[in-house]
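Please look through the sequence and the model below before reading the briefing. The notes that follow are grouped by topic.

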Amino acid sequence: MIYGLRNAFLPGATPMTSHTEIINDLLKLAVESGASDIVIKSNKPGYVRLAGRLKPVDMDPITSPEAQAFIEEHCPKVFLPKWHDEGQVDYAYSADGVGRFRVNGFHQRGLVSIVMRHIKSKVPVFEDLGLQAEPLLNLAKAKDGILLVCGATGSGKSSTMAAMLNWINQNMDKHIVTIEDPIEYTFQDEKSLFQQREIGLDVPNFELAIKSVLRQNPDIILIGEMRDKETFETAISAAETGHLVFSTMHAATVAQSLTRLFEFFPPEQQIQARRQIAGSLRGFICQKLIPALEGGGRIPANEILNADAVVKNLILEGQFDKLQGIMEGTGDSSSYSFNKDIYRLIKAGKISKADGLRFSPNPQALEMNLKGIFIKS
């Protein structure tokens, strides 16, 4: 239970506190507590997600009319028809003195629910996130190709991608066009020039933004999410014409990410797809967050596949089963598996052995590694 919030917890507050004040107070408490997400279910108290765990807040329930009024008051007018027609909507919300949030409003059992994710105002750097910079920079420095950052919802994909773009902004003169729904991190131009387009506000829909992006003279394109075959084919076209494309996918491992890419193509196009993917892919970064030993919070563990000549050839030949062996190899490489990174984090005292084994995709192999037993690829 997170304590300290009731409808009248502020000096001078009364039971007549408006729906916006109630929800802003909840958001303020969430941000001060370090929560990543806020969940509002009608006729229940608010919930916050702390270090991956959902916790209730000690507050009066938020009613469905209050949640409905909040959405209709703060949702951009252009999105209100979607809310009324479809019963769900996505948009960005800024609470004065608190921060920005990605909002998803929806109906369940005839009542209104809201899920909000805190978007940190400061664009992160590798050190802030606890990431190893070198393997990520090996990919970020590429001149062209498709770079996919993968993981489950809430695994820090957007933050990792933002840290890579932040490094580029500080060190390289690039024209960067982003297509986001909504914009998460707002970049200030340093050495690079950013054009950040938000779906619904700057361009009517994702399809139009994708179709026009190559006419906007970008060096780097960020596509918020690799959604479908058309999006991926646009990314391939951009990569083949000398652009670097960043995007995210909901996939837990490199193997699953690669499988999802091929699912965009029908069976009769699989051979052509192997050629296109092998030719355009720059690499995968898969991520999960593990509870940290010190200071609370969570720390990222990564699985990285750098699409070098060997990897591209294996993809071209359809020998996907050999890719895991490349990441498991014990040599110094820019590609490595989750187990290798989890092993590093345990040995560095950053996560517990128990949590490492719990989050490992192959705990038996990790247990052997911790005993000094490695199988060479």
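Which residue of E11 does Ile223 stand opposite? Ile223 stands opposite Ser247 in E11. This is a predicted model, in which local features need pLDDT of at least 70 and side-chain atom pairs count only at pLDDT 80 or more, while totals for chains, interfaces and linings use all residues. Residues are numbered from 1 along each chain as its sequence is written, and side-chain values use heavy atoms, with hydrogens and water left out.

**Strand E10 and its partners**

- E10 and strand E11 (residues 244-249) pair in the parallel sense over four bridges, where pairing requires that DSSP finds at least two bridges between two strands, and strands (E, at least two residues) and helices (H or I, at least four) are DSSP runs numbered from the N terminus.
- From E10 the chain crosses through helix H8 (residues 229-240) to E11, and this β-α-β crossover is right-handed, that is, clockwise from the first strand over the helix to the second when the strands point away from the viewer.
- Strand E8 (residues 175-180) is also joined to E10 by four bridges, in parallel, and Thr178 stands opposite Leu222 in E10.
- Strand E10 (residues 220-223) is covered on both faces, with Ile220 and Leu222 buried on one side and Ile221 and Ile223 buried on the other; buried means under 20% relative accessible area, exposed over 50% and partly exposed in between (1.4 Å probe, protein chains only).
- In a regular strand the side chains alternate between the two faces of the sheet.

**The antiparallel sheet**

- Six strands form an open sheet in the order E3-E2-E1-E6-E5-E4, with antiparallel pairing, and its edge strands are E3 (53-56) and E4 (88-95), each of which pairs on one side only.
- Strand E1 (residues 37-41) and strand E6 (residues 111-119) run antiparallel and are joined by five bridges, and Asp37 stands opposite Arg117 in E6.

**Helices H1 and H2**

- Helix H1 (residues 19-33) packs against helix H2 (residues 64-74) at an angle of about 90 degrees, with their axes 9 Å apart; axes are lines fitted to C-alpha atoms, for helices over the stretch in contact, and angles run from 0 to 180 degrees between N-to-C directions.
- The contact (heavy atoms within 4.5 Å) is made by His19, Thr20, Ile22 and Ile23 of H1 and by Glu66, Ala69, Phe70, Glu73 and His74 of H2.

**Lys350**

- Lys350 is found in the loop between helix H13 (338-347) and helix H14 (353-359), and counts as partly exposed because its relative accessibility is 37%.
- Not counting residues up to four places away in sequence, Lys350 touches Pro291, Ala292, Leu293, Ile299 and Leu345.
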